[in-house]
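Morning, everyone. Please bring up the chain on your screens, and I will talk you through it.

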Amino acid sequence: MSADATFDYVVIGAGAGGAVLGRRLADAGRSVALIEAGPSDEGRAEVADLGRYQEVLRGPLTRRLPITAPEGGNPRTAYPTAQVLGGGTSLNTCVWFRPPASDFLGWRKDAGEGWEADAIGTAFAELERRIGIEQVDALAEPHEALLRAAGEIGYPMVDFSGEHADGVGFYRLSKRKTQRRSASVVFLHAPSHPPETLHIFTDVRATRLFLDGRLVRGVHTDTGTFLARREVILCAGAFGTPKLLMLSGIGPAEHLRSFNIVVRHDLPGVGRHLLDHPACAVNVRAARPVPRLDTWNYAGVLFAHVAEGLEAWPDIEMQLGPEPFEQQTAPVGYPTTPHGLCTYMTVNRARSEGSVRLAAPDPDADVMISPDFFSDAEGYDLKVMVGGVRLARRLFAASALQSWVAEELAPGACCTTDAAIGAFLRSTVTTGYHPAGTCRMGPADSPDAVVGPDLRVAGIGGLRIADASILPSMVSVNIAATCMMIGLRCADFMLKDTTQAA
Ligand SMILES: Cc1cc2nc3c(=O)[nH]c(=O)nc-3n(C[C@H](O)[C@H](O)[C@H](O)COP(=O)(O)OP(=O)(O)OC[C@H]3O[C@@H](n4cnc5c(N)ncnc54)[C@H](O)[C@@H]3O)c2cc1C
């Protein structure tokens with residue numbers, strides 16, 4: 001098929017949001033060009049097998065985007081982004097949690113129509129029905145010991161398939177046995193019978209939007225121009241989407257002018273408001289060798305309140321690992337061990353906001369990312385994480401773990417004050433792999449809103465966004481499920497519009 005063809009819709013990026021959206025539009029009989037910068041995931045065993053995700057993470061399908069070194073923080077973080085059909089869902093660890101309904105109250109209040117709890121719940125239910133979610137409950141010691149320790153310090157076993165409060169429980173993963181159920185596996189490939197109206201173009205990279213004044217007519221790529229009779233939808237992820245907007249002259253005017261990019265629309269919110277789940281770990285040395293259960297090897301998850309009274313929903317997610325997490329602690333001199341345990345912790349509703357900017361007016365150049373972890377004015381994120389360290393210590397001190405725990409390696413037993421723990425956290429904090437919010441949804445009068453409630457880009461015709469970049473606030477759990485839900489909601493908005501117009 002010629003790359004210069006015309007379609008009803010052109011969807012850019014076949015990741016969590018784009019694959020779901022493209023499929024839904026095509027199922028409704030619309031012709032869709034789904035353009036993906038990376039190759040297909042089909043026939044790649046390392047992608048299909050969840051246990052081999054580290055190979056994908058370190059291999060050629062993953063591009064590591066460096067960050068701008070923060071003042072006094074951890075400069076070693078990089079953001080891995082998958083360039084392959086399925087996007088992040090072909091690389092990620094398949095943790096599948098539905099956010100609590102309370103996460104979306106603010107979305108509805110700020111953004112408006114279309115984000116009611118019922119509509120969101122229906123979308124999640126449909127995704128779960130199609131994907132099939134597995135609970136990982138095969139246990140060995142010390143997995144059981146970690147869960148017993150959580151019970152001892154007041155966290156009962158809970159079921160994470162619905163709304164839940166504080167407690168510990170098993171992972172829910174979007175996989176079937178060893179095989180991941182990515183957005184591409186479920187929505188783009190056989191045997192799910194993708195319709196002929198879905199045209200998938202792999203190894204095609206969008207370089208700029210094709211604009212006619214303030215109306216988007218299509219997209220320029222490195223293999224030609226794709227035209228859209230109706231709309232173009234950006235699903236290139238939290239970094240790819242703002243990058244394409246800025247390269248196309250849509251973004252903060254001053255920043256664009258500094259690169260001699262012709263400003264089509266001054267939209268200051270593009271690239272602002274970068275959200276993430278900051279991640280830190282407490283590591284202990286094990287008193288004896290720790291058996292490795294499988295490649296997944298986490299015992300379970302603990303959701304807890306550690307910053308009293310501030311949030312109704314648990315404010316920290318703590319993954320309980322029968323192995324140490326040393327990527328960030330080893331480089332700054334904390335001792336390492338071949339046998340250890342860890343708590344890998346993320347702040348659920350993190351408030352710090354970073355930014356993403358162009359480094360050059362060039363599609364080949366990486367963007368400049370400043371995550372600005374622990375930068376929120378109230379110090380909320382750091383406060384929660386300090387609480388997480390103290391909670392981890394209670395867990396490791398529980399009697400169920402006494403035969404396993406030899407000594408704390410990071411931050412170490414002598415690190416006791418809030419200030420000292422805070423310094424440890426600042427020097428080792430890294431991405432929770434959930435960048436979001438860089439083209440946030442919001443009301444028209446909001447200075448940093450980029451899309452409205454129907455995901456249309458403000459001030460530009462024929463253009464929507466349906467990926468992690470639209471998040472107005474962080475959701476409390478791992479975000480792939482939410483990105484897929486956004487793809488489904490976007491399709492519903494679009495199909496409703498065209499049905500009404502017909
Ligand atoms: C290592 C890792 C582990 C993770 N683990 C989990 C987990 O267990 N659970 C969870 O919920 N979340 C997890 N995530 C996060 C989750 O996968 C992402 O948040 C989610 O995939 C984001 O969806 P998206 O639609 O915004 O973008 P993506 O899924 O990233 O898709 C964007 C797509 O757009 C393509 N693209 C970008 N630019 C262009 C262009 N110019 N032209 C054409 N195509 C383009 C990309 O190649 C990509 O395929 C993890 C992420 C990482 C990196």
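I will take the domains, then their interface, then the ligand.

Some ground rules: this is a predicted model, where local features need pLDDT of at least 70, side-chain atom pairs count only at pLDDT 80 or more, and totals for chains, interfaces and linings use all residues. Residues are numbered from 1 along each chain as its sequence is written, and side-chain values use heavy atoms, with hydrogens and water left out.

Domains. Domain 1 covers 6-130 + 178-274 + 435-501, and domain 2 covers 135-173 + 277-352 + 374-431. Those bounds come from an automatic or database domain assignment. Over C-alpha atoms, the two centres are 31 Å apart. Domain 1 puts 27 residues into the contact, and domain 2 puts in 26. Contact means heavy atoms within 4.5 Å.

Now the interface. About 2100 Å² is buried between domain 1 and domain 2. That is the accessible area (1.4 Å probe) that two parts lose on being put together, summed over both. Carbon and sulfur atoms give 52% of it.

How many salt bridges are there between domain 1 and domain 2? One. The term needs a side-chain nitrogen of Lys or Arg within 4 Å of a carboxyl oxygen of Asp or Glu. Arg-349 and Asp-103 form a salt bridge, with their closest N and O atoms 2.4 Å apart.

On to the ligand. Which residues come nearest among the 36 around it? Glu-36, Thr-93, Val-95, Ala-468 and Ala-480. Near here means a heavy atom within 4 Å. A polar side-chain atom of Glu-36 sits 2.6 Å from a ligand oxygen. Ala-468 places a polar backbone atom 2.9 Å from an oxygen of the ligand. For Val-84, a backbone N or O atom is 3.3 Å from a ligand oxygen.

Notes
Polar contact = N/O pair within 3.5 Å; in protein donor to acceptor, adjacent residues only side chain to side chain.
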